[in-house]
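Q: Please guide me through the reading of helix and sheet packing.

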Amino acid sequence: MPLISTYRVRDGDNSLGKARNFFHLHMVSDSTGETLMTVARAATAQYEDVQAIEHVYPLVRSTRQLDHVIDEIEHAPGIVLYTLVDAELASRLEQAGRAAGVPCVNILSPVFSVFQSYLNVRLTGRVGGQHALDADYFRRIDALNFTMLHDDGQIPDDLDEADVVLLGVSRTSKTPTCIYLANRGIKAANIPIVPDIPLPRQLQESRKALIVAVIASVERIQQVRQNRILSLSAANFANETYVDRRVIAREISVTRKICAENGWPLIDVTRRSIEETAAEIMTLYRTHKSELADSSA
């Protein structure tokens, strides 16, 4: 019998008449737990009206730490997902899962089996191997530093050192998208598009960077800007044109025109997550790099 609790979702004082199922989801890792959370959330998202109550246990590397985890699982039984390299700890967690009558799954085990059979090499059992301080790690840190220094149009003089330059009007998620790209090792700068204010001349001089713009629907931008104003004091935001639909529509029109004139790709992010937007930009960037390599050959 699955251990699921059902509650009726309410919005303020008005019941939506919609039941939602909650279950406990325990994620046990000997590293940061990022892999587990990504997999678990991707799986949970496929089930309507089901929400996980997440219990995350990172850096579990000793028997004492595992004992605490097992106590928590016994107190709130639910699905257990884990990535423990240490065979003894993994075995103990599996035994505790069976004793509690809950599923306990090593999410990397099938992947390890495929790799081992195909590569015919022994598993090293190295904890947190994906977080090694190697050249790739420092490349990501360098990209993140560059991105933070070049946020919101700052330091335009060295734009051609960027891998990607992201353009867009206010509140189209330029900064978080650039940070996401930086975490993938891509140096990303972002520049706001404001009607009647020229873009930096360095954009036209750029030969290396992929230049791409983002837009969203008028309704979406207006909603985000209104929420932004609510989070700030009225004294800091007295400009009513910021949320005026006609002004926003003009900003979007100007963005479209700029991209059309320069042949820059344009992405509509109205219904896209930051991850989806970044994925499309990375696809464009790979094509851009390939074209640059061909032209210089």
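Q: Across which strands does α10 lie, and at what angle does α10 run to β8?

A: The model is predicted, so local features need pLDDT of at least 70 and side-chain atom pairs count only at pLDDT 80 or more, while totals for chains, interfaces and linings use all residues. Residues are numbered from 1 along each chain as its sequence is written, and side-chain values use heavy atoms, with hydrogens and water left out. Helices (H or I, at least four residues) and strands (E, at least two) are DSSP runs, numbered from the N terminus. Axes are lines fitted to C-alpha atoms, for helices over the stretch in contact, and angles run from 0 to 180 degrees between N-to-C directions. Here α10 lies across β6, β8 and β9 and runs at about 155 degrees to β8.

Q: What is the strand order of the open sheet?

A: Two strands pair if DSSP finds at least two bridges between them. The open sheet has four strands in the order β7-β6-β8-β9, with parallel pairing. Its edge strands, β7 (188-192) and β9 (266-268), each pair on one side only. On average, neighbouring strands are turned by 25 degrees against each other, direction ignored. Helix α6 also packs on this sheet, touching β6, β7 and β8, and its direction makes about 170 degrees with that of β7.

Q: Over how many bridges do β6 and β8 pair?

A: Strand β6 (residues 164-168) and strand β8 (residues 210-215) pair in the parallel sense over five bridges. As an example, V164 has L210 as its bridge partner in β8.

Q: How are two packed helices described?

A: The description uses the angle between their axes and the distance between the axes. The axes of α6 (residues 174-182) and α10 (residues 274-296) come within 9 Å and cross at roughly 60 degrees. The two helices are therefore oblique to each other; angles under 35 degrees count as roughly parallel, over 145 as roughly antiparallel, 65 to 115 as roughly perpendicular and the rest as oblique.

Q: Which residues make the contact of α6 with α10?

A: Contact means heavy atoms within 4.5 Å. P176, T177, Y180 and L181 of α6 meet I274, E275, T277, A278, I281 and M282 of α10.

Q: At what angle do α2 and α3 pack?

A: Helix α2 (residues 63-75) and helix α3 (residues 87-100) pack at about 20 degrees, with their axes 11 Å apart. That angle makes α2 roughly parallel to α3. In this contact, T63, L66, D67, I70 and I73 of α2 meet L89, R92, L93 and A96 of α3.
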